[in-house]
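Please look over the sequence and the model before reading on.

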Amino acid sequence: MSDVALRMEHVYKKYRKGEICNSLRDLIPTLTGRIFRQQELSENDKREFWALQDISFEVKRGEAFGIIGPNGAGKSTLLKLLSRVVKPTRGLLHVHGRLSALIELAAGFHPDLTGRENVYLYGAILGMTKREIDAKFDEIVDFSGLAEFIDTPVKRYSSGMHARLGFAVASHVNPDVLLVDEVLSIGDALFQRKCVDHMRKIIQHGATVLFVSHSLKTVADFCSQALLLDHGHPIMKDATPRVITQYMTLLQQRRAADQNRPVVISSVTVRDAAGPCHRFRAGQKAWIDIEVSAHEPCRKLAVVLYVLDQSHHPLFTTSTERLGHGSVSLGSGDILRCTFEVELNLGPGVYHPSVNLLRYDCEQLFDSWEAAETIYVWSEKDITGPVNCFPRVVRQDLSSAEQRGASCYPAEEREIPENVNL
Amino acid sequence: MKEQLLELYKYRELLYTIAQRDVKVRYKQSIMGFLWAILMPVLIVLSGIVVRYAYALAAHAPLQTADIASVAVKSLPWAFLVSSIRFGCNSLIANRDLVTKVYFPKEIFPVAAVMASLFDFFVASTALVVLLLVIQTGWSAYLLWTPLLLLATVFLAIGTSMAVSAASLFFRDVKFIVEVVLTFGIFFTPVFYDVRMLGEKGKWLLLNPAAPVLDGLSACIIHHQPPQLPWLAYGLGFGFVALFGGYVFFKKLEPAFCESI
């Protein structure tokens, strides 16, 4: 058995734009028209477009793989190709083992049926046998936390309950390859935590997982490798942090070219006392220069600086206004330059200074540049975690039990309470 | 084709589950519940009695129990055909989410629709058997033809459902055409009347694939006669061809479902 779980070779997918004939009445003029205009149609048919072009990648067994890209990049099409509901126009697609898709949960639910009946229905749709569902039924219900309502028709469920039950079923399918869409963002924080833990468990048990997501955080958290798509073309396939950085650059290029915004962040640079710099020692000072240019007048603008860690979790936020410099109003063509001085009290690792342009009183976001820069922080001390408290050990001495003598602790205090888990 | 059938076999549990869902959903939140399965055949029988009564008046002949029993026997398979084709025709559109998002052999939907209608048919048949026992129509060895005739009906239902459900994804007109044909089809099918009443020209009506099957059912259950073999062969053959043709047609269109639904 090969260790490749999934492989795509030069896959192309073509779609037709616009209305496909939906009634016989429409078809007749189209057909007659086609006979007369056959040549020109085939030469220049503008109603066709390529949703995906020349996609090749392979995912190893037990690997978590991310697919990211802006809207219209072809992520959904890729997902549909993988789940085999549409066929590629050209190219080959191999999937080894049972594939299951965690996409748009609860598409398979029928509102009139009870939760219990729907668990069986949805399980069957996802490819489980009745026996498998029987065996896992309690686990599924337990996971969803809906034991009380399991015999209530699903139409009386809240949308959160709906989604929880859907996820509970879908995540208990035990496939060899699992496709995951934007589904890890359902339910309350507690349930999300549960979902994430469960996903990790699935990956640890050797399933291959493909994440197709807008959420860079999810992809960064789970996937070691990722593929960046744009307009149906593969842009980059590499280790996830690098792909995410590339994606950020792509978004920035697109954003800067966008003339519709009244004001854009035109550049962000990080430097030390000497000049532009990307490697810093923990605790060192850094200066972040930000340039903002306005196409149209805009009022009460504040520049917000925030720092993300490698997985794009925000660590720290501040702004010109919050630091007591007030807001600025820009006229058309004006350029605003500001510099933040920060002390990098950070643990060793990769960080992304990011910038927003915000008007505080009406919470209007003018522009946002996530991960505008990437910096590496190193430390002489061996510590982990995003913050650096510059620790030092000032005392370490051992006092052995014999020295203190048994009398230090009265006998009754030494008894261990029964409910303590050793 | 062999692979496709094997795959369908692999997904048989899903087929049962979907059929089960279709049955359950139909009777959820209704007070009459399974009695609805009998309602449509009962209405057909009642209208049959009216038609038969008018016919008897015009012919100055008495209305016989056997005539009414014959209408009842024919109305059940007809109701089954109508409901499975109507329901089957919509089955793909009604399950749009599943058609576009999850992979499995999509013929499961029309077939499950037929199976759900078959369930209704069995409920109603049970009532009919009791009725026939009460009015004592008797029985004969010709009853053994019944399973074969029912099989032909089921084949016809599945084949037609597959074909129209696939076609209606591409052209919504199909739905309306099917609706009209099913509504007026009863006049072209010997349910209320016997083909014999129309004399020689009645033979033409037997070209309607449902006709020889219904006629055969009435002959062997009520009249204790063998079915007309050549026409029976025609009905059965048509059933097979419909099943096979419908399946091939469905499978040919299936890859394009997702994009044109």
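## Basis and overall figures

Accessible areas come from the Shrake-Rupley method with a 1.4 Å probe, and for residues only the protein chains shown count as cover. By this method, chain A exposes about 23000 Å², of which carbon and sulfur atoms supply 50%. The model is predicted, and local features need pLDDT of at least 70, while side-chain atom pairs count only at pLDDT 80 or more; totals for chains, interfaces and linings use all residues. Residues are numbered from 1 along each chain as its sequence is written, chains are lettered from A and ligands numbered from 1 in the order in which they are written, and side-chain values use heavy atoms, with hydrogens and water left out.

Chain A has 12 helices and 19 strands; helices (H or I, at least four residues) and strands (E, at least two) are DSSP runs, numbered from the N terminus. Of its 422 residues, 44% are buried, where buried means under 20% relative accessible area, exposed over 50%, and partly exposed in between (1.4 Å probe, protein chains only). Contact means heavy atoms within 4.5 Å. Among contacts in chain A between residues at least 6 apart in sequence, 72% join residues at least 24 apart.

## The sheet of six strands

In chain A, 6 strands form an open sheet with mixed pairing, in the order β5-β6-β7-β3-β8-β9. Two strands pair if DSSP finds at least two bridges between them. At the edges stand β5 (99-102) and β9 (233-239) of chain A, each with a single partner strand, so one side of each has no neighbour in the sheet. On average, neighbouring strands of this sheet are turned by 20° against each other, direction ignored; axes are lines fitted to C-alpha atoms, for helices over the stretch in contact, and angles run from 0 to 180 degrees between N-to-C directions.

Within this sheet, β6 (residues 177-180) and β7 (residues 208-212) of chain A are parallel and share 4 bridges. A:V177 lies opposite A:T208 in β7(A). Helix α7 (residues 189-204) of chain A lies across β3 (64-68), β5, β6 and β7 of chain A, at about 140° to β7(A).

## The sheet of three strands

A further open sheet of chain A has 3 strands in the order β2-β1-β4, with antiparallel pairing. Its edge strands, β2 (48-60) and β4 (90-95) of chain A, each pair on one side only. Strand β1 (residues 4-16) of chain A is joined to β4(A) by 5 bridges, and A:M8 stands opposite A:L93 in β4(A). Helix α3 (residues 75-82) of chain A packs on the sheet, touching β1, β2 and β4 of chain A, and its direction makes about 120° with that of β1(A).

Just after α5(A), A:G145 has a positive phi of about 70°.

Strand β12 (residues 285-294) of chain A pairs with β16(A) in the antiparallel sense over 9 bridges, and A:F340 is the bridge partner of A:I288.
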